[in-house]
Amino acid sequence: MKRLLLIAALLMMTALPVASHPSVEASNASSELAGMHGRVWVTNKTLNTVTVYDASSGTVEAVIPVGSTPIGVIIPKGTGKAYVSNEGSNTVSVIDVASLVIIKTIPMQAGPHHMMASRDGRFLYVGEYNQNTVGVIDTSTDTA
């Protein structure tokens with residue numbers, strides 16, 4: 001139930017301009033966040049950003065500009081990196097999860113969309129929507 005409230009609160013915030021993002025703590029949901037930890041990553045495809053929230057407080061840790069029309073975010077096991085599929089710019093942004101800074105942009109075929117990591121985190125599979133293909137990224141070199 002706590003996770004559903006957090007997700008609902010975050011989804012409502014993504015419709016607001018970045019400068020106006022209230023923290024979840026400012027809403028009445030702060031008591032529901034007790035015991036939560038980690039981060040929540042949210043794409044905003046109209047602003048071409050990824051917003052990173054602290055899950056325990058709901059506060060914004062970072063707003064990261066990425067490529068055009070970001071669709072998904074995934075953090076493969078053991079990589080220390082977040083990958084963002086940018087459907088509109090045919091790229092995948094690579095973000096260092098410690099510094100919250102983009103460390104690489106990987107060119108892809110048209111329409112990178114949904115992503116899934118291999119169990120060991122070594123490979124990232126990217127559905128290329130406009131090509132009807134699946135791209136593969138080696139997460140050790142961040143190359144397609």
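Reader: Which residue forms a salt bridge with Arg 122?
Author: In this predicted model, Arg 122 is paired with Asp 138, and their closest N and O atoms are 3.2 Å apart. Arg 122 lies in the loop between strand 8 and strand 9 (123-128), while Asp 138 lies in strand 10, so the pair ties together parts that are 16 residues apart in sequence.

Reader: And is Asp 138 buried or exposed?
Author: Asp 138 is buried, because its relative accessible area is 15% and the cut-off for buried is under 20%. Arg 122, by contrast, counts as partly exposed at 39%.

Reader: How many salt bridges are there by this rule?
Author: The count is three. One of them joins Lys 81 and Asp 142, at 3.0 Å from N to O. Lys 81 belongs to strand 5 and Asp 142 to the segment after strand 10 (133-138), so this pair connects parts that are 61 residues apart in sequence. Both Lys 81 and Asp 142 are buried.

Reader: What about Arg 39, which residue does it pair with?
Author: Arg 39 forms a salt bridge with Glu 61, with the closest N and O atoms 2.7 Å apart. Arg 39 is in strand 1 (residues 39-44) and Glu 61 is in strand 3, 22 residues apart. Arg 39 is partly exposed at 35% relative accessibility, and Glu 61 is partly exposed at 34%.

Reader: Changing topic: how many residues are in the largest nonpolar core?
Author: It has eleven residues, among them Trp 41, Ile 64, Val 84 and Ile 95. Strand 2 (49-54), strand 3 (60-65) and strand 5 (81-86) each supply at least two residues of this core. A second, separate core has ten residues, including Tyr 83 and Met 108.

Reader: What does Ile 95 touch?
Author: Leaving out residues up to four places away in sequence, Ile 95 touches several residues, including Trp 41, Ile 64, Leu 100 and also Lys 81. Lys 81 is the residue that forms the salt bridge with Asp 142.

Reader: Which residues make the nonpolar surface patch?
Author: Met 116, Tyr 125, Val 134 and Val 136 make a patch of about 380 Å². Met 116 lies in strand 8 (residues 112-117) and is exposed, with a relative accessible area of 57%.

Reader: Finally, what is the mean pLDDT of the chain?
Author: The mean is 83, and 76% of the residues reach 70 or more. Over residues 1-29, however, the pLDDT is below 50.

How values were computed:
Residues numbered from 1 in each chain as written. Predicted model: local features only at pLDDT ≥ 70, side-chain atom pairs only at ≥ 80, totals over all residues. Heavy atoms only, no water. Core = buried A, V, L, I, M, F, W, Y, C linked by side-chain atoms within 4.5 Å. Buried < 20%, exposed > 50% of the residue type's maximum accessible area, 1.4 Å probe, protein only. Helix = DSSP H or I, 4+ residues; strand = E, 2+ residues; numbered from the N terminus. Contact = heavy atoms within 4.5 Å. Patch = residues over 30% accessible without salt bridge, like charges linked within 9 Å, V, L, I, M, F, W, Y side chains within 5 Å. Areas by Shrake-Rupley, 256 points an atom, 1.4 Å probe, with all protein chains shown as cover. Salt bridge = Lys/Arg side-chain N within 4 Å of Asp/Glu carboxyl O. pLDDT = per-residue confidence, 0-100.
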